[in-house]
Amino acid sequence: MKTKQRVLLVLLAAAVLLGAALWAMIRSNAKAEQAASVAAEDLEQIEYTYNGQTYTLQYSGGSWQLAQDPAYHLDESACNTMRTALMALNAKRSLTPQAGEDYGLDSPQLTVTVTAAGQSTTLTFGAENPVTGDLYVQKAGDDAIYTVSGNKAACFQLDKAGLFGSF
């Protein structure tokens, strides 16, 4: 009977430890999601650098304008897709950077600066994790490295011609 009680106590202790670990992970992920999200109604501008070129999209009165060429006919759908991707940008994980590892952030594939409610936030998208397909992202001023779904950066892979909207 004593053996059964000991086994039961060990199992109970393991369940408590696993519960505490799960709680800590959920809390960490919630903080990471909050750190990367953007409110749609407050969005004013998206500036991104793709293939060495920087594009500034300004949002006002329900429409988009290319700051570098205000008369340029933008594809509203492409701009709205970028806005939606930023609003839905939720970190899957938060990592503490490891010494000697740059996560592709030294030569980023994409840099996006979002201005919402007068506050600007710069996100640097680094390398793709070869196992999960997630991208490493770092928020300016934050030491943590986040992972996000690999398809979140695809909508920003547009040059000026790709931003053109048909009539």
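A salt bridge is defined here as a side-chain nitrogen of Lys or Arg within 4 Å of a carboxyl oxygen of Asp or Glu. The structure is a predicted model, in which local features need pLDDT of at least 70 and side-chain atom pairs count only at pLDDT 80 or more, whereas totals for chains, interfaces and linings use all residues. Residues are numbered from 1 along each chain as its sequence is written, and side-chain values use heavy atoms, with hydrogens and water left out.

The protein chain contains two helices and eight strands, where helices (H or I, at least four residues) and strands (E, at least two) are DSSP runs numbered from the N terminus. Their order from the N terminus is α-β-β-β-α-β-β-β-β-β. Of the 167 residues in the protein chain, 31% are buried; buried means under 20% relative accessible area, exposed over 50%, and partly exposed in between (1.4 Å probe, protein chains only). Among contacts in the protein chain with a separation of 6 or more, 54% are between residues 24 or more positions apart, a contact being heavy atoms within 4.5 Å.

Two salt bridges are found by the rule given above. In one of them, K92 is paired with D134, with the closest N and O atoms 3.0 Å apart. Because K92 lies in the loop between α2 and β4 and D134 in the loop between β6 (119-128) and β7 (135-139), this pair ties together parts that are 42 residues apart in sequence. K92 is partly exposed, at 42% relative accessible area, whereas D134 is buried, at 9%. A further salt bridge joins K160 to D69, the closest N and O atoms being 3.2 Å apart. Here K160 belongs to the segment after β8 (145-148) and D69 to the loop between β3 (63-66) and α2, 91 residues apart. K160 is partly exposed at 32% relative accessibility, and D69 is partly exposed at 24%.

K160 also lies over the face of Y72, at 4.8 Å from the ring centre; for such an arrangement, NZ of Lys or CZ of Arg must be within 6 Å of the ring centre and within 35 degrees of the ring normal. The charged end of R83 likewise sits over the ring of Y59, 5.0 Å from its centre.

Five aromatic pairs are found in the whole structure. Rings of Phe, Tyr and Trp (its six-membered ring) pair if their centres lie within 6.5 Å, and planes under 30 degrees apart count as stacked, over 60 as edge-to-face and the rest as tilted. The pair of Y48 and Y55 is tilted, because the planes stand at 40°, with the ring centres 5.4 Å apart. Y48 is buried at 0% relative accessibility, and Y55 is buried at 8%. Y72 and F164 form an edge-to-face pair, at 5.6 Å centre to centre and 70° between the planes. Y48, Y55 and F156 form one aromatic cluster.

The largest nonpolar core has 27 residues, of which I46, Y48, L57, V112, F125, F156 and L163 touch the most other members. Such a core is a set of buried Ala, Val, Leu, Ile, Met, Phe, Trp, Tyr and Cys residues joined through side-chain atoms within 4.5 Å. Two or more residues are given to this core by each of β1 (43-50), β2 (53-60), β3, α2, β5 (110-116), β6 and β7. A second, separate core of five residues includes L95, L105, Y136 and I145.
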